[in-house]
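Subject: Structure for your files

Dear colleague,

Here is the structure I said I would pass on. My notes follow below it.

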Amino acid sequence: MTRTLSVLLFIVVVVVTVAAFAAVIRRLLGVRIGPVRALLAGVLALFVTAPVLSAMAPADPASIGTGEALLLGATAVIVAALLAMAAVVILEVLLPTGSLPGPVEAWKGWRRRVARARRYATIVRIALRHGLGRFLRGRPQRGPESAAARRRLARSLRDALDEGGVTFIKIGQLLSTRRDLLPAEFVDELTALQDRAAPVPWAEVSEVLAAELGRPVGEAFAEIDPEPMAAASVAQVHAARLPGGERVVVKVQRPGIAGVVERDLDILLRLATTLEERTAWGRSLGVRGLALGFAEALREELDFTVERDNLQAMAAALAASPDRGVTVPEAYGRISSERVLVMRRLPGTPLGSAHDVLAALPGERRATVAAGLLDSMLDQILVHGLFHVDLHPGNLLIDDDGALGMLDLGSVGRIDGVTRGAIGRLLLAVGRGDSVGVSDALLQLLDRPETIDERDLQRVVGALIVRFAGPGGSAGVAAMTALMRTFTSYGLGVPPSVAAVFRAVATLEGTLALVRPGFDIVGEARAAGMRRLAETIRPENVRGVLEEELATLLPVLRALPRRIDRIGEAVEHGRLRLNVRLFADDQDRRLVTGLLHQALLTVIGTAAGVMAALLLGAGAGPRVSQGVGLFPLLGYGLLIVAVVLVLRVLVTIFRHE
């Protein structure tokens with residue numbers, strides 16, 4: 001029993017001593033140190049104290065008194081703490097704080113790495129299973145030369161993306177809109193990803209419905225078709241009829257996709273980060289920002305309450321605009337949830353597979369449909385600030401008469417009034433060929449650096465306008481790539497909301513080309529912009545704008561005479577003063593204070609070190625006790641102060657915060 005108590009007492013003493021060392025070291029260094037590093041430093045100081053005391057003690061310990069022994073012990077403890085502090089500084093130099101995860105983060109990170117490695121292996125197996133392994137070897141491969149070979153490869157790619165899951169299907173959907181990038185065989189096959197994904201068995205779907213609705217499926221619907229109308233990457237759609245007789249479609253999320261989506265997005269973001277860091281084209285396109293936007297949009301699509309709200313907002317926006325022949329389905333919010341969305345059923349065929357419908361429409365009607373879709377998108381962007389960011393052919397229904405219905409509003413873009421105004425001015429300036437106006441609008445839209453050569457930017461933009469927006473020009477992928485490179489070369493950052501506009505327009509371009517091959521999106525956008533300009537300068541509109549502006553300026557105008565009178569009175573009596581605060585910004589004050597603090601510590605530490613060296617070299621001086629001189633005692637004390645101050649400066653320099 002006595003031995004057990006002794007062991008416990010020893011453990012308590014060791015723990016308290018280590019904790020005390022750790023607290024003192026953190027306090028003396030004056031910076032935040034992680035608890036693990038502080039405890040390791042305390043353990044090091046504890047184990048170093050005994051050897052330091054042995055080295056400092058005289059050959060005959062019995063020759064010193066109690067006071068001298070206590071002084072030697074305190075000196076040994078201080079020296080051990082200094083050694084531990086030096087070890088912390090060296091560790092900060094080699095491994096700065098934050099470069100290694102903590103124990104909890106390391107465990108979670110290890111689990112994520114294992115899951116990511118398994119997903120990598122799954123992706124590779126899928127590619128090998130579908131005959132795509134030769135494209136993973138890192139060497140350029142010759143593509144298929146015949147149409148039949150391209151179709152076989154495209155079918156293999158489609159099957160691999162379909163088996164890969166939601167994220168890869170979404171990437172395939174985006175690629176299916178880029179007929180200027182991919183051969184027709186690939187576009188045709190990837191379009192099938194938008195309405196022919198592998199369906200989920202009805203048993204699993206009914207479980208999701210019952211769990212989300214909180215009642216049996218038979219009570220919520222008068223009838224529902226177990227066979228899906230379409231199986232998309234995130235969900236599948238079933239035709240149904242409500243007890244009241246309304247024909248609806250029920251969108252049900254695929255079970256268990258959230259975990260797979262997060263793993264795939266993690267892989268995608270890591271790949272995008274690597275490409276942006278190591279490739280010039282990755283930096284010019286801002287692939288990490290694009291990947292982040294794609295990830296955010298995909299996460300929104302997994303929450304059907306977001307799509308329900310977007311449908312209601314878009315319906316209100318379309319109702320407030322002139323009829324462009326574009327509608328959205330009505331959402332039934334009372335029987336919808338995060339994984340189930342019930343909507344009114346719209347007539348029509350998915351645009352990606354509506355070849356017969358398009359072929360039956362006259363050329364003029366197809367041009368009218370394309371122009372109406374473009375006008376609707378411009379209304380959404382310029383007037384309402386709420387727009388569909390992913391209008392690929394699978395997200396549009398077309399009726400026999402050419403009426404369009406927008407689907408899948410799980411992810412929409414939103415921009416404020418200032419951004420809408422800048423985009424409108426940009427379109428008008430492009431239509432006029434005004435490089436100065438285009439540059440000014442771009443500088444309002446984008447995040448500009450501190451310094452920029454605006455004149456040179458105007459020349460470059462003017463060349464782009466002549467090349468891509470002039471007669472016979474085409475605002476295709478080359479124009480978008482050139483524009484992105486221009487942004488990067490001048491250090492202009494693209495905000496996510498503006499990037500969403502670019503993405504929406506790029507996706508819409510491929511859809512318009514499917515509706516009406518050869519559709520001049522630049523010319524039509526220019527004409528639409530001029531129509532909107534003509535509408536804004538109509539007398540009734542001008543009067544409304546003037547009334548709004550006057551209502552805004554009235555409080556300012558009312559207070560202006562009083563302010564002018566105060567300024568005049570101050571000038572007349574000599575009381576007018578101009579105050580300029582040099583360090584008004586808090587960041588500037590912290591920077592200057594920190595620099596002065598480090599400089600002061602350096603000067604004091606250097607002075608203490610010089611004084612310590614002088615005292616230690618001046619002999620013993622007056623005796624404090626029989627074995628201890630005053631000069632060495634003061635010298636070692638100043639040396640301790642100098643070391644502490646210098647270590648504080650060094651640890652501040654080497655910390656990357």
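A residue is called buried here when its relative accessible area is under 20%, and exposed when that area is over 50%. Please keep in mind that the model is predicted.

By that cut-off Asp408 is buried, because its relative accessible area is 18%. Asp408 belongs to the loop that runs between β10 (404–406) and β11 (412–414). Its phi is near 55°, a positive value in a residue other than glycine. For background, most residues other than glycine have a negative phi.

Ala231 also counts as buried, because its relative accessibility is 4%. Ala231 is part of strand β2 (residues 230–231). Between Ala231 and Ala198 there are 6.4 Å from C-alpha to C-alpha, although the two are 33 residues apart in sequence.

Next, the second largest pocket. Its volume is about 680 Å³, and 31 residues line it. Those that lie nearest its centre are Ala230, Val237, Gly394, Leu397 and Leu407. At least two lining residues come from each of α6 (166–175), β3 (235–241), β4 (247–253) and β6 (340–344). Sorted by class, the lining of this pocket comprises 14 nonpolar, eight polar and nine charged residues.

Last, the aromatic rings. The structure holds zero aromatic pairs.

Regards

Notes: Residues are numbered from 1 along each chain as its sequence is written. This is a predicted model: local features need pLDDT of at least 70, side-chain atom pairs count only at pLDDT 80 or more; totals for chains, interfaces and linings use all residues. Side-chain values use heavy atoms; hydrogens and water are left out. On a 1 Å grid over the protein atoms alone, a cavity is a set of points where a 1.4 Å probe fits but cannot get out, and a pocket is an open set with protein on both sides within 12 Å along at least five of seven lines; lining residues have an atom within 4 Å of a point. Grid points are joined across faces, edges and corners, and a volume is the space filled by probe spheres set on the points. Helices (H or I, at least four residues) and strands (E, at least two) are DSSP runs, numbered from the N terminus. Ala, Val, Leu, Ile, Met, Phe, Trp, Tyr, Cys and Pro count as nonpolar, Asp, Glu, Lys and Arg as charged, and the others, Gly among them, as polar. Rings of Phe, Tyr and Trp (its six-membered ring) pair if their centres lie within 6.5 Å; planes under 30 degrees apart count as stacked, over 60 as edge-to-face and the rest as tilted. Buried means under 20% relative accessible area, exposed over 50%, partly exposed in between (1.4 Å probe, protein chains only).
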